[in-house]
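Subject: Structure handover

Hello,

I am passing this structure on to you. Please look through it first; my notes on what was found follow below.

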Amino acid sequence: MTADGRPLTVVVVDDDALVRDGIAAILDGQPGITVIGRGSDGREAVSLCREMSPDVALLDIQMPRLDGLQALDEIKRSTPHVAVVMLTTFDAGPYIDQALRGGAVGFLLKNSTYEQLVAAVRSAP
């Protein structure tokens, strides 16, 4: 839930449909969290954030058309209120540094636990 008592809204963007749908299902099953959009590339991430104005966007680092770091930059310029958490399959310091410098509020490995995923989303906004 947000500070004003409404459900926390989330978009999940990952080019791997199984990962994207799995994360969305986990989050949608949590009280006070609603997944309002799903996308498969960076361009869709930017569009979803502009159109749906979620509280949180979960973005994969490596995606087609526009990678997660480029999408982060566009999202922070066009919808700065959206809290962005980056997702990746590997732990790479330069990506973490670049994402945090670019305005991401967190960084989550795809092998994180269910509890870590939910905690990251709840603490993002």
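In strand 3, alanine 57 stands opposite valine 11. That contact belongs to the pairing of strand 1 (residues 8–13) with strand 3, which is parallel and runs over four bridges. Before going further, note that this is a predicted model. The mean pLDDT of the protein chain is 92, and 98% of the residues score at least 70.

The five strands form an open sheet in the order 2-1-3-4-5, with parallel pairing. Strand 2 and strand 5 are its edges, each pairing on one side only. On average, neighbouring strands are turned by 25 degrees against each other, direction ignored.

Strand 3 (residues 56–60) also pairs with strand 4, again in the parallel sense, over five bridges. Here alanine 57 stands opposite valine 84. Between these two strands the chain passes through helix 3 (residues 68–78), and the β-α-β crossover is right-handed. Strand 4 and strand 5 (residues 106–109) run parallel and are joined by four bridges; threonine 88 stands opposite leucine 109 there.

Strand 4 (residues 83–88) is mostly covered, with six of its six residues buried. Ala83, Val85 and Leu87 point one way, while Val84, Met86 and Thr88 point the other way.

Salt bridges

The whole structure contains nine salt bridges. One of them joins aspartate 55 to arginine 6, with the closest N and O atoms 2.7 Å apart. Aspartate 55 is in the loop between helix 2 (42–52) and strand 3, and arginine 6 is in the segment before strand 1, 49 residues apart. Aspartate 55 counts as buried because its relative accessibility is 12%, under the 20% cut-off. Arginine 6, at 36%, is partly exposed.

Another salt bridge is formed by aspartate 60 and lysine 110 (3.3 Å, N to O). Aspartate 60 lies in strand 3 and lysine 110 in the loop between strand 5 and helix 5 (114–123), so this pair ties together parts that are 50 residues apart in sequence. Aspartate 60 is buried at 5% relative accessibility, whereas lysine 110 is partly exposed at 26%. Both residues belong to a network of salt bridges that links Asp14, Asp60 and Lys110.

Aspartate 21 and arginine 20 also meet in a salt bridge (3.9 Å, N to O). In this pair arginine 20 is buried, at 13%, and aspartate 21 is partly exposed, at 35%.

Regards

Methods:
Residues numbered from 1 in each chain as written. Predicted model: local features only at pLDDT ≥ 70, side-chain atom pairs only at ≥ 80, totals over all residues. Heavy atoms only, no water. pLDDT = per-residue confidence, 0-100. Buried < 20%, exposed > 50% of the residue type's maximum accessible area, 1.4 Å probe, protein only. Pairing = 2+ DSSP bridges. Right-handed = clockwise from strand over helix to strand, strands pointing away. Axes fitted to C-alpha atoms, helices over the stretch in contact; angles between N-to-C directions. Salt bridge = Lys/Arg side-chain N within 4 Å of Asp/Glu carboxyl O.
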